[in-house]
Amino acid sequence: MADHPMFLEPPLKQGYLYKEGHNVKSWKKRWVVCQGTMLLYFEAEDTPAPLGWVPLRGARLTEPKSSRGARPAFRLETWQEPEQSSSTGRRKSSSGSFSGSVGKIHSKYILAGEDEADSAAWRASIQAHIDFASGPRVM
């Protein structure tokens, strides 16, 4: 039963993606690793520690709410319990953003590949990891 596709971890995906800044809306090229139930992002491929991470359990992929110019962008949204660590590794304060699901902290990430095909491949991989993270667990 553990070999059933529903229970198998999707393959590791790693490579460069563009990530839009939260405060300054500029694009930063980041080395991204999508593995298991997490998406981690680094300044560069050889950077030892991640700049941040995104837990994928309960996350969803959507289109950005507005155009991002020539970038083939997509939106990754997450909701976390307030006591969970944020994507920067620091604890969220009680003044965090509580939108989306009641009592949960909402985060969004705007990401883009080099071109449409690259963005589509990343979306497919991230969605497989979201499904894995959100699906049933085998102990």
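S119 touches P72, F74, A112 and G113, leaving aside residues up to four places away in sequence, and these contacts belong to a predicted model. The residue is found in helix α1, and the protein as a whole contains one helix and seven strands, which follow the pattern β-β-β-β-β-β-β-α when read along the sequence.

**S119 and its surroundings**

- S119 counts as buried because its relative accessible area is 4%, which falls under the 20% cut-off for that class.
- The side chain of S119 reaches the backbone nitrogen of G113 at 2.7 Å, and G113 is also among the residues that S119 touches.
- Although S119 and A73 are 46 residues apart along the chain, their C-alpha atoms are separated by 7.1 Å.

**Helix α1 and its two faces**

- At the start of α1, a side-chain oxygen of D115 reaches to within 3.2 Å of the backbone nitrogen of A117.
- The buried residues of α1 are D118, S119, W122, S125, I126, H129, I130, F132 and A133; they cover an arc of only 160° around the axis, and therefore lie on the same side of the helix.
- On the face of α1 that is turned away from this buried side, the exposed residues are E116, A117 and A124.
- The buried residues of α1 pack against several strands, namely β1 (13-20), β2 (27-35), β3 (38-42), β5 (60-62), β6 (73-80) and β7 (105-112).

**H129 on the buried side**

- H129, which also has its place in helix α1, counts as buried because its relative accessibility is 0%.
- A polar atom of the H129 side chain lies 3.0 Å from the backbone oxygen of P11.
- When residues up to four places away in sequence are not counted, H129 touches P10, P11, C34, Q35, G36 and L56.
- Two of the strands that meet the buried residues of α1, β1 and β2, are also paired with each other, as described next.

**Strand pairing around β1**

- β1 and β2 pair in the antiparallel sense over eight bridges, and the two strands form a hairpin with six residues between them.
- Within this pairing, K13 stands opposite C34 in β2, and C34 is also one of the residues touched by H129.
- β1 is joined to β7 as well, through two bridges, and these two strands run antiparallel.

**The chain as a whole**

- Of the 139 residues in the protein, 39% are buried.
- Among contacts between residues at least 6 apart in sequence, 52% join residues at least 24 apart.
- The accessible surface of the protein comes to about 8,100 Å², and carbon and sulfur atoms account for 53% of that area.

Note on methods
Residues numbered from 1 in each chain as written. Predicted model: local features only at pLDDT ≥ 70, side-chain atom pairs only at ≥ 80, totals over all residues. Heavy atoms only, no water. Buried < 20%, exposed > 50% of the residue type's maximum accessible area, 1.4 Å probe, protein only. Helix = DSSP H or I, 4+ residues; strand = E, 2+ residues; numbered from the N terminus. Arc of directions from axis to C-beta. Contact = heavy atoms within 4.5 Å. Polar contact = N/O pair within 3.5 Å; in protein donor to acceptor, adjacent residues only side chain to side chain. Pairing = 2+ DSSP bridges. Areas by Shrake-Rupley, 256 points an atom, 1.4 Å probe, with all protein chains shown as cover.
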